[in-house]
Amino acid sequence: MFGLKADWSLDIKQRYFSLGDYTAGEARWCPGCGDHGVLTVVQRICRDEQLLPEKTVAVSGIGCSSRLPHYMGTYGFHGLHGRALPVACGIKSRRPDLDVWVATGDGDCYSIGTGHWIHAVRYNMDMTVLVFDNSVYGLTKKQTSPTTPIGFQSNTHPQGAPLEPLNPLTVTLGISNVSFVAQTIDWNPVHLYETIKAAHNHKGFSLVNILQRCPVYSDNVFKHLQEDPSQLLLLTHEKGIHLEKSLLRLFPNQQEHDPLNMSEAYDIADQNVPVGLLYHNPDVPCYEDISSQGKDMGIDDKLVALNAAYDQFAI
Amino acid sequence: MSKPSNNLQMVENSEATKVPVRIDEHIVEIVSDSGEGAQKAGQTFGTVSAKMGNGVWTVEIIPAEIKPPARSPAGASGIRIRLGSHNMTNMGDAADLVVALNEQVLYSRIATHAYKPGTVILLENKWITDPDPKIREQYQSAVAEFRENGLIVHELAMEDECLKLTPRPRLGKNMFVLGMLSYIYSRDAEKANHEIDLTFARKGEKVVHLNQQLWKAGYEFAKENLDYWYEIPPWERETTKPLIVTSGNQALGLGVMASGMDLVSMYPITPATSASHYLAEVFHNIGGFVHQAEDEIAAIGFAIGSSFAGKTACTITSGPGLALKTEFVALAVMAEIPLVIAVVQRGGPSTGLPTKVEQGDLLASLYGEPGDAPKVVIAAATIEECVHFVIMARKLAETFRTPVILLTDANLATGVQPYPRPEAKAEWFASPIDQSPWDKGVDPFQWNEETGLSPRPIVGQPGGEYVLTGLAHTTESKVAYDRESNQRGCNMRSRKLAALWSTLKPPEIHGSPEGELLLVGWGSTLGAIEEAVDKARAEGYKVSSLHLRFLSPLEPGLEEIFSRFKNIFTIEINYSDEADAPLITPGNRRYSQLSILLRAQTLVDVDCWTNVHGQPMQPGLIYDEITRRLNAMKGES
């Protein structure tokens, strides 16, 4: 029952996975919800990269976004509100062989999970973190979230949200060990695909803030961006997100931005609604390289070490 | 200014005729400001005594503040060493002999009833010539007050003696004190000097030599000036197994390593953290890793992630941390994730008594989560059990696919005792993670209706893909809100405890199997309870005790055992209303935590006797309660 099957690695090359292998059940999001598009893109990337379903884990917290693991054909962990990241980090800590994805939202990650967000960026463990940022609490029916625009009428603030929203991009850029920060939009599947793919290819903690429409509770928040792409700033650079010509035509407002340029990234995130790769540093150490040390130590060596530990206290 | 002379009874007998007084046991304390090395001296004294075959229990006296002012009662720092010719299982009652480096620190010890009339105090006397008149005055009035209260105070020029050897007596005085105690208790000189060698070897030969000289000076000083000379014969053990000496928290760390877990995820909290400190020093030697998380919630979340991925992990905390972890504990119950949660209890509620003992987290461990969250709860009663119970906890967690809460407390955590060296067994280590293909026909929660148990797919097993969820779910781990699925899930999770219960044996009774009075305890009070029971039984009292290790599920056979005794009460370090307190009636009296459990489970009228003094339970107090109750029962009949 225990132990690796010796000939198992030979099977891998003979297996081919189709989209169906990454699919489970029927997604129960509202019609028109941006989450459907993100799920499809994640499944396509899994297929295109031929990720082993058994080695892939989708981790989430609580919220509309966090239903994503249930629709994946991989392993999944649908845990507690705000706590996806500690679980994801724990999964990765002694199992660096696993491909970890995190689905979270603006309430889950930037409000109840704030502490974990900050520290997970600092741990920089290799995982792809998708924040479904729809600027509202959807599952609990329209409460103000940290990214809700000031003045937005919600059920907790019927007179309008009283505070300036939190900017998740500038906050993330300010955290030590930040290694990958991008923003994209759910309503452009091409850019969404390329951005998440780049995030997945990065070894480290990749945070993708996805501006995501909630047709039921925050439809008007992104409407102007959808209708007038010139309000978005498309980031271009050879080291940035791969851009098809169609995208370049779609977004009249563009800026060439080197994703290694942190201060420029900060200014862009502070003053615009950027679409693209803000920051990417492939050389930040990953915590799992520390936390997984010794994971393969043999029983005999462990016995020696345990006896040595006893010896230390022997009288 | 003329130096005061030591006001000692000078030794009158000649060396040739003098013999040490043979005693069965003694309780010794060294008390000082922090930073004077009292604990090091005491630990060394304890180690030498253990090596000479004595039973030993040491416990540190920890100041209430980080940097308390010098010469203040709040700054009392030091150590208590109880040594004797039998097994020492607790810190005992009042001290017999105390070495104090200033008089002020004694006040806090007196306030906790650590001394009795007749306790010998060997007190540094340099304060009587202090340039500060206020200090001189404080010193004199304290000494007078101590004597008035029956303490036997000897004022000794320890500092002056040390000055003969070192210009910095504050750093070396502890070895001088060790020398004094070594003479008084006839400790083996070679063994003592070997320990000094081990302690200071890193600092070079010169330092070793100086400290050995200080030890010798203390030894000679005591020999010439003191009339206390004792011999404590070794304890005749049944076993000749080699021994190790650790604190309870070090034992927890050893247990984690021996159990085969290789991840501890923690957040600093007193008094649990020293277990992680120990692991952080050595865990990598065995391939393990200590993760310091950003908070208590992340600490358990990280451990749960690791466990979910096939590496059962451990998180170590104390009451306030357990409170923060509640939601994750419930998730681990709901989603049947193996996990070990070690809780080193301290005084509560809220921040409470961070450095002091209480057994106040029992009900929180059992019932802390909203909803029904059955889980295994066990409590270590000895330092040795702190090793073995971690090993058992991991086994139970994996076998029953459940979180296991292992309760210890500040008394075990800081107590130090010799015990048989644990074994190291290959089968205790975790097997390599199973990555073989999973039979797709088997659901991730394919519960056995009889036992509630189910096989668990591990991430990496092809064909086993499932989504773990904290929502109500089916055997396939699919979210289900229908009435049958939720009822069934609750049934199955609860049934696992019944399955575990059916494998347990009834607890053993200490003393005779029937009688007038039965004491029931759990956790670190074991030694004190049994000592008190033994003393009362030797005097003819019909009292017995039993000690529970399993709190969830409770051990079987309790109702039948209780039927053999006229009166039953629990001894616990947690709060209960005294029956005769104002406004308290049988209708509103709040019982202690174990007695609530036992009353509910057995329908027996189990009484309780508890306190929340923040101190380890003392055998003398329990003995007094036993005799009070039995004499009252005699009066009634």
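**Figure 1. Helix α2 of chain B (residues 104-111) buries B:Q104, B:V105, B:L106 and B:R109.** This is a predicted model, where local features need pLDDT of at least 70, side-chain atom pairs count only at pLDDT 80 or more, and totals for chains, interfaces and linings use all residues. Residues are numbered from 1 along each chain as its sequence is written, while chains are lettered from A and ligands numbered from 1 in the order in which they are written. "Buried" means that 20 or more other C-beta atoms lie within 10 Å of the residue's own, "exposed" means 12 or fewer, and "partly exposed" is in between, with C-beta atoms placed from the backbone. Helices (H or I, at least four residues) and strands (E, at least two) are DSSP runs numbered from the N terminus. The buried residues of α2(B) pack against β2, β5 (97-100), β6 (120-124) and α3 (133-148) of chain B. Just after α2(B) comes B:H113, with a positive phi of about 60°.

**Figure 2. Strand β4 of chain B (residues 77-84) has 8 of its 8 residues buried, so it is largely enclosed by the rest of the structure.** Both faces are covered. On one side sit B:S77, B:I79, B:I81 and B:L83, and on the other B:G78, B:R80, B:R82 and B:G84. Two strands count as paired here if DSSP finds at least two bridges between them. Strand β2(B) (residues 25-32) runs antiparallel to β4(B), joined by 8 bridges; look for B:E29 opposite B:R80. Strand β3(B) (residues 55-61) also pairs with β4(B) in the antiparallel sense, over 7 bridges, and there B:G55 has B:G84 as its bridge partner.

**Figure 3. Helices α6 (residues 189-200) and α7 (residues 205-225) of chain B pack at an angle of about 145°.** Their axes are 9 Å apart. Axes are lines fitted to C-alpha atoms, for helices over the stretch in contact, and angles run from 0 to 180 degrees between N-to-C directions. From α6(B), the contact uses B:A192, B:N193, B:I196, B:D197 and B:F200, and from α7(B), B:V207, B:V208, B:N211, B:Q212 and B:W215. "Contact" means that the C-beta atoms of two residues, placed from the backbone, lie within 7 Å. The contact residues divide into 6 nonpolar, 3 polar and 1 charged. Ala, Val, Leu, Ile, Met, Phe, Trp, Tyr, Cys and Pro count as nonpolar, Asp, Glu, Lys and Arg as charged, and the others, Gly among them, as polar.

Figure 4. Leaving out residues up to four places away in sequence, B:D361 touches B:G319, B:L322, B:V343, B:Q345 and B:L407. B:S318 is 43 residues from B:D361 in sequence, and their C-alpha atoms are 8.8 Å apart.

**Figure 5. An open sheet of 10 strands takes in strands from chain A plus β17 of chain B.** The order is β8(A)-β7(A)-β9(A)-β5(A)-β6(A)-β4(A)-β3(A)-β1(A)-β2(A)-β17(B), and the pairing is mixed. β8(A) (254-256) and β17(B) are the edge strands, each pairing on one side only. From one strand to the next, the twist averages 20°. Inside the sheet, β4(A) (residues 127-133) pairs with β6(A) (residues 205-211) in the parallel sense over 7 bridges, and A:D133 stands opposite A:L211. Helix α3(A) packs on the sheet, touching β1 (56-60), β2, β3 (99-105) and β4 of chain A. The direction of α3(A) makes about 175° with that of β3(A).

**Figure 6. Where the chains meet, 50 residues of chain A are in contact with 63 residues of chain B.** On the chain A side, β2 (75-78), α3 (84-94), α5 (114-123) and α12 (299-312) each supply at least two residues. α12(A) gives the largest share, 9 residues. By type, the chain A side divides into 26 nonpolar, 16 polar and 8 charged residues. β2(A) runs parallel to β17(B) (residues 467-469), joined by 3 bridges, with A:H78 partnered to B:T469.
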